[in-house]
Amino acid sequence: MPSSEQASTSTKRNLIVISNRLPLSVKRSEDGSYISSMSSGGLVTSLSGLTKTAEFRWYGWPGMSPKESVEQDEIRRSLAPHNAIPVFLDEELAQKHYNGFSNQILWPILHYQPGVTYDEGKWEAYKKVNEIFADTIAEAAQEEDLIWVHDYHLMLLPELLRERMAKKKRQACIGFSLHTPFPPSESLKVLPVAKDILKGMLSSTLVGFHTEDYRKNFSESCEYLLNARVQDSSILYKDRLVKTGHFTVGIDPDKFNETLKKDDVQARIHDLNERYKDIKVIVGVDRLDYIKGLTQKLHGFEQFLTDYPKWQGKVVLIQVAVPSREDVKEYQELETELSCLVGKINGKFSKPEYSPIIYLHRSIPFTELTALYSIADMCLLTSSRDGMNLVAFEYIACQEQRNGVLALSEFAGASVFMADGTIQFHPANIKEMSQCIHQGLTMSKEERKERYDKLAKFVHTNTSARWGQSFVAELSKRHA
Ligand SMILES: O=P(O)(O)OC[C@H]1O[C@H](O[C@H]2O[C@H](CO)[C@@H](O)[C@H](O)[C@H]2O)[C@H](O)[C@@H](O)[C@@H]1O
Ligand SMILES: O=c1ccn([C@@H]2O[C@H](COP(=O)(O)OP(=O)(O)O)[C@@H](O)[C@H]2O)c(=O)[nH]1
């Protein structure tokens, strides 16, 4: 029988959140103790924002896998106060799953990149890790629990978990949220295991995407590759009706407001404003990932300095490139390319008292990040594809005073929702990017305010809390 869409009778159900990455990554310090630090990236930002309004247990890989059970217990204890529960994976398996299949094969396909080399061994590791998560969650989950699985590292989990829960004669209400784009079937089908991935996701009760386009691509892929029947926003597959939807992810803007009020942050803002009082600041904050279009951004900025020479010496691009997936060859090569390019452009336009690009290849503290967002006249985001891009939201959350300009690639998910207010461009069109930078830097105060108000309204309405609540509300309306 198709799963029903009846409203659930229970009022409060426990929520289990599962993602490959936990909010805290654990590392061993020199004295042998375990230290944890906040993980990078938008998935953690969006789910961390949810912790203020919802209670949940969060399962995921802690970033390391000690073999000794004493050490595992120590990690378990250090994460417990954060409601985080580690899923331990053998180091080599974790590496093949995360770097190998997830980031070298799936990630580029989901971001429409051609030329991916499939590898059976990495696929086996991907399946194995999904099985380990399924075993762990099937052990922990109760009949009435709501289970919310996140992202492309765990696309097989809904199916594997449902099978295990069925063996225990338990129903499973499973939501799945994808944080990346979902490509059209023509791009997806280059993956020899595309059908397995679709079937894995289709064992969910509810599948959520960032945009309507990604949702449609998924439905069409199910129809085309699996012969599933699409009925409006639901998909009928093997006698189960699976609901799909798009849910607008966001940030916790209050966290930025509160941080901006702190004395040390205000002092930092004052110093940075002094330093750049005669210079316009463009900020960029991206993980060092080829999907963020960092090479194009540097070329676009170089083009701008060439097209509008009077700006030389009067504008600086402060680019934070957060290290990411550093064991993957493509990311290492990109890092080398970017360092060279920054050197080349700075070599071309620098004067003894001025360099056009300040390149920070590291993670920066949250207080420094908010100060930087706040003093920047413009934020430039150039993704070639991007699930959403929460940096766009964060910049706006810190711009109440200055009303800076947000220049955004038309290929970031955020561009769909922020069309009214941002300046948008094609990231591969360097000339267009150059013109957009000029437009942003010369925009009148009135126009900036008008645009900013629209964007701020969107960011303050579509918070991470609201995203979580709407997804969980939709999920809890349904049975298995
Ligand atoms: O965990 P990492 O490998 O270090 O990567 C960080 C995260 O990158 C991706 O984030 C995506 O999710 C954001 C929030 O929904 C979205 O705004 C962004 O466009 C996406 O790229 C990835 O999907 C996460 O799983 C990673 O944790
Ligand atoms: O040193 C830093 C600088 C930024 N961020 C955060 O990384 C997230 C990036 O999310 P986004 O959705 O823009 O892209 P993703 O990295 O998830 O692809 C944002 O919340 C940033 O504040 C971070 O973790 N460390």
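This is a predicted model: local features need pLDDT of at least 70, side-chain atom pairs count only at pLDDT 80 or more; totals for chains, interfaces and linings use all residues.
Local features need pLDDT of at least 70, side-chain atom pairs count only at pLDDT 80 or more, and totals for chains, interfaces and linings use all residues. Residues are numbered from 1 along each chain as its sequence is written, while chains are lettered from A and ligands numbered from 1 in the order in which they are written.

The protein is assigned domain 1 (15-250 + 465-476) and domain 2 (253-461). Such bounds come from an automatic or database domain assignment. Ligand 1 lies between the two domains, because both give residues to its shell. Ligand 2 also lies between domain 1 and domain 2, because both supply its shell.

**Domains and their contact**

- The centres of domain 1 and domain 2, taken over C-alpha atoms, are 30 Å apart.
- Domain 1 puts 19 residues into the contact, and domain 2 puts in 17 residues. Residues are in contact if their C-beta atoms, placed from the backbone, lie within 7 Å.
- On the domain 1 side, helix 1 and helix 3 (91-110) each supply at least two residues. Helices (H or I, at least four residues) and strands (E, at least two) are DSSP runs, numbered from the N terminus.
- Helix 3 has the largest share of that side, with 4 residues.
- The domain 1 side holds 3 nonpolar, 16 polar and no charged residues. Nonpolar means Ala, Val, Leu, Ile, Met, Phe, Trp, Tyr, Cys and Pro; charged means Asp, Glu, Lys and Arg; the others, Gly among them, are polar.

**Ligand 1**

- The shell has 18 residues, of which Gly41, Gly42, His179, Gly387 and Met388 come nearest. A residue is near a molecule if its C-beta atom, placed from the backbone, lies within 6 Å of it.
- Helix 1 (residues 42-50) gives the most to this shell, with 3 residues.
- By class, the shell around ligand 1 has 4 nonpolar, 9 polar and 5 charged residues.

**Ligand 2**

- Ligand 2 is surrounded by 17 residues, the closest being Ser40, Gly42, Thr45, Ser363 and Leu390.
- At least two residues each come from helix 1, strand 12 (280-287), strand 13 (315-322) and helix 14 (391-397).
- Helix 1 gives the most to the shell around ligand 2, with 3 residues.
- This shell divides into 9 nonpolar, 6 polar and 2 charged residues.

**Helix 7 with helix 8**

- The axes of helix 7 (residues 194-202) and helix 8 (residues 212-226) come within 10 Å and cross at roughly 125°. Axes are lines fitted to C-alpha atoms, for helices over the stretch in contact, and angles run from 0 to 180 degrees between N-to-C directions.
- Helix 7 and helix 8 are therefore oblique to each other. Angles under 35 degrees count as roughly parallel, over 145 as roughly antiparallel, 65 to 115 as roughly perpendicular and the rest as oblique.
- From helix 7, Ala194, Lys195, Leu198, Lys199 and Leu202 meet Ser221, Cys222, Leu225 and Leu226 of helix 8.
- This contact comprises 6 nonpolar, 1 polar and 2 charged residues.

**Helix 9 with helix 13**

- Helix 9 (residues 253-261) and helix 13 (residues 366-375) have axes that come within 10 Å and cross at roughly 90°.
- That makes helix 9 roughly perpendicular to helix 13.
- Phe256, Thr259 and Leu260 of helix 9 make the contact with Phe366, Thr367, Thr370 and Ser374 of helix 13.
- The contact of helix 9 with helix 13 has 3 nonpolar, 4 polar and no charged residues.

Conventions: Two residues are in contact if their C-beta atoms, placed from the backbone, lie within 7 Å.
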